[in-house]
Amino acid sequence: MLFRSQDLEEFYQVARWAAQQGMTLTQHWHEDETVDHLLDVFARVNREFAIAPLRWSIAHLNNATEAHLKRMKELGVGWAMQDAMYLEGDRAVVEHGEKALERMPPLRTALRVGVNIGAGTDAHRVADYNPFIALRWMLDGKSASGRPLRGTDETPSRLEALRLYTQGSAWLAHDDHRRGTLEVGKWADLVVLSHDYFSVPLEQMAQTESVLTLVGGRVVYRKLP
């Protein structure tokens, strides 16, 4: 994909304005081979206004290389990782090949590099918003058809996946001082689940549901017997 210098300059002006206003910016980007264009703009802005405290992030980027993840880490740019490969994985195999899909997305590489990752689903028009489908996909790497795609080298543990979905997403939202973990002084946002997340067989994880939900310590949902 070719990018006109005029387009990049206009985007730089928008990004610079956002940084000057102290705003958070999340940019959707799909292909690693072109992400240097985006990171160059971020780096240019960063020379004037520190963007790490603003927690800028890149969404998607399922085929990110370690080199670009390291560059994101250096800039303080986070990664909004989503479960697109659950529904799109079979099609992506045709575009990228089976070998490439073994590391899409490169979760363990990003964890090792130290990039701040917030895990979740995409918009409900293109993905299932059930968090337990997303978590199962993070752990088994299978597409919706049941086809194994992501390899074990890029598969997180259950605890790591849960942290990305809770602590990681709270970080992206600048809300990790109030939620994302159960600690003294934070909001009591919690659920009691129908299955034990840490022991339920992966093939049953998607059937997990809340039987009791608290928001700020207040019961907002209770499943009736």
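**Stop one: the second largest pocket**

Select residues 84-96, helix α4: with seven residues, α4 gives the most to the lining of the second largest pocket. Helices here are DSSP runs of H or I with at least four residues, strands are E runs of at least two, and both are numbered from the N terminus. A pocket, on a 1 Å grid over the protein atoms alone, is an open set of points where a 1.4 Å probe fits, with protein on both sides within 12 Å along at least five of seven lines; lining residues have an atom within 4 Å of a point.

Before going on, know that this is a predicted model: local features need pLDDT of at least 70, side-chain atom pairs count only at pLDDT 80 or more, and totals for chains, interfaces and linings use all residues. Residues are numbered from 1 along each chain as its sequence is written, and side-chain values use heavy atoms, leaving out hydrogens and water.

The space inside is about 240 Å³, a volume being the space filled by probe spheres set on the points, which are joined across faces, edges and corners.

**Stop two: the largest pocket**

Next, pick Leu162, Tyr165, Thr166, Asp189 and Val191. Of the 27 residues lining the largest pocket, with its volume of about 930 Å³, these are the closest to the centre. Which elements give two or more residues to this lining? Colour α7 (131-140), α8 (158-172), β5 (190-193) and β6 (210-215) to see them. Helix α8 gives the most, with eight residues.

**Stop three: aromatic pairs**

There are two aromatic pairs (ring centres within 6.5 Å, using the six-membered ring of Trp; planes under 30 degrees apart are stacked, over 60 edge-to-face, the rest tilted). Show phenylalanine 42 and tryptophan 56: they sit edge-to-face, 5.1 Å centre to centre, with 65° between the planes. Phenylalanine 42 is in helix α2 (residues 35-46) and tryptophan 56 in the loop between α2 and β2 (57-60), so the pair ties together parts 14 residues apart in sequence.

Then jump to tyrosine 197 and phenylalanine 198, an edge-to-face pair at 5.1 Å and 80°. Tyrosine 197 is buried at 6%, while phenylalanine 198 is partly exposed at 45%.

Terms used:
Buried means under 20% relative accessible area, exposed over 50%, partly exposed in between (1.4 Å probe, protein chains only).
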